[in-house]
Amino acid sequence: MSKDDLVERARQAALQAYAPYSRFSVGCAIESVDGEIAVGANMENACYRLGICAEIAALTAAQQAFGLDRIARIAVAGGHVGPDGALAGAAAVTPCGGCRQAILEAAHVAGRDLEVASANGDGSEREVRRISELIPWGFGPESLKDAG
Ligand code: THU
């Protein structure tokens, strides 16, 4: 699948978000080394702090579908659902700090410096960064080597 197609899958996934409180829908699509796709979207809760991000939902789906070790690439897109039912919005969505940490863990398992594509709602703005750029000097599994 091309980078653009993976972004489109993330935009589509965002349409299945449950985001009545923020009205900010985020979708995430994860591609395996064999071209399989797992998706997720944010899911909010009346107890606000219990909401989960699209990236966490997609990583969980990816673990079930093909395993974190087989993740090749990730795409994230977000914005609001417009009157025509399509995702809209001007600014590209990059993963929040917590999601960067979760992607860093997946990158460790995969043994790859994972590529993360970020897109805005209408898909017109796209940028690609490696997880090592998104969370430089991060705390990962290897940071626990001095544990007792
Ligand atoms: N959100 C995500 O799903 N992923 C991110 O990386 C950033 C934020 C969600 C959480 C919440 O439901 C909404 O976007 C507004 O913060």
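Modeller: A residue counts as buried when its relative accessible area is under 20%, as exposed when it is over 50%, and as partly exposed in between. Please bear in mind that this is a predicted model.

Colleague: With that cut-off, is Cys28 buried or exposed?

Modeller: The limit for a buried residue is a relative accessible area under 20%. Cys28 has a relative accessibility of 1%, and it therefore counts as buried.

Colleague: How many disulfides does the structure contain?

Modeller: A disulfide requires two cysteine sulfur atoms within 2.5 Å. For Cys28, the closest cysteine sulfur belongs to Cys99 and is 8.1 Å away, which is too far for a bond. Cys96 is in no disulfide either, as the nearest cysteine sulfur, again that of Cys99, is at 3.6 Å. The count of disulfides is zero.

Colleague: Which residues are linked with Arg126 in a network of salt bridges?

Modeller: The side chain of Arg126 meets that of Asp4 in a salt bridge, with 3.0 Å from N to O. Arg126 also forms a salt bridge with Glu8, where the closest N and O atoms are 2.9 Å apart. The residues linked with Arg126 in the network are Asp4, Glu8 and Arg11.

Colleague: How many residues apart in sequence are the parts that Arg126 and Asp4 tie together?

Modeller: The two side chains form a salt bridge at 3.0 Å. Arg126 belongs to strand E6 (residues 126-130) and Asp4 to helix H1 (residues 3-14), so their pairing ties together parts whose separation in sequence is 122 residues.

Colleague: What is the relative accessible area of Glu8, the partner of Arg126?

Modeller: Arg126 is itself partly exposed, with a relative accessible area of 32%. Asp4 is also partly exposed, at 47%. Glu8 falls in the partly exposed class as well, and its relative accessible area is 30%.

Colleague: Which strand holds Glu115, the salt-bridge partner of Arg130?

Modeller: The side chains of Arg130 and Glu115 meet at 3.6 Å, N to O. Arg130 lies in strand E6, so the pair ties together parts 15 residues apart in sequence, and Glu115 lies in strand E5 (residues 115-119).

Colleague: Of Arg130 and Glu115, which counts as buried?

Modeller: Arg130 is partly exposed, with a relative accessible area of 37%.

Colleague: How many salt bridges does the structure hold?

Modeller: A pair is counted when a side-chain nitrogen of Lys or Arg is within 4 Å of a carboxyl oxygen of Asp or Glu. Among them is the pair of Arg130 and Glu115, at 3.6 Å. The total number of salt bridges is seven.

Colleague: What share of the ligand's area does the protein bury?

Modeller: A polar side-chain atom of Glu44 is 2.5 Å from an oxygen atom of the ligand. The side chain of Glu55 places an N or O atom 2.7 Å from a ligand oxygen, and a backbone N or O atom of Cys96 is 2.9 Å from a ligand oxygen. Taken alone, the ligand exposes 370 Å², of which the protein buries 75%.

Colleague: How many residues of the shell around the ligand are charged?

Modeller: The residues surrounding the ligand include Phe24, Val26, Asn42, Glu44, Glu55 and Thr94. This shell has six nonpolar and three polar residues, and its charged residues number two.

Notes:
Residues are numbered from 1 along each chain as its sequence is written. This is a predicted model: local features need pLDDT of at least 70, side-chain atom pairs count only at pLDDT 80 or more; totals for chains, interfaces and linings use all residues. Side-chain values use heavy atoms; hydrogens and water are left out. Helices (H or I, at least four residues) and strands (E, at least two) are DSSP runs, numbered from the N terminus. Buried means under 20% relative accessible area, exposed over 50%, partly exposed in between (1.4 Å probe, protein chains only). A residue is near a molecule or strand if one of its heavy atoms lies within 4 Å of it. A polar contact is a pair of N or O atoms within 3.5 Å; within protein, one must be able to donate a hydrogen and the other to accept it, and residues adjacent in sequence count only if both atoms are side-chain atoms. Accessible areas come from the Shrake-Rupley method with a 1.4 Å probe; for residues, only the protein chains shown count as cover. Ala, Val, Leu, Ile, Met, Phe, Trp, Tyr, Cys and Pro count as nonpolar, Asp, Glu, Lys and Arg as charged, and the others, Gly among them, as polar.
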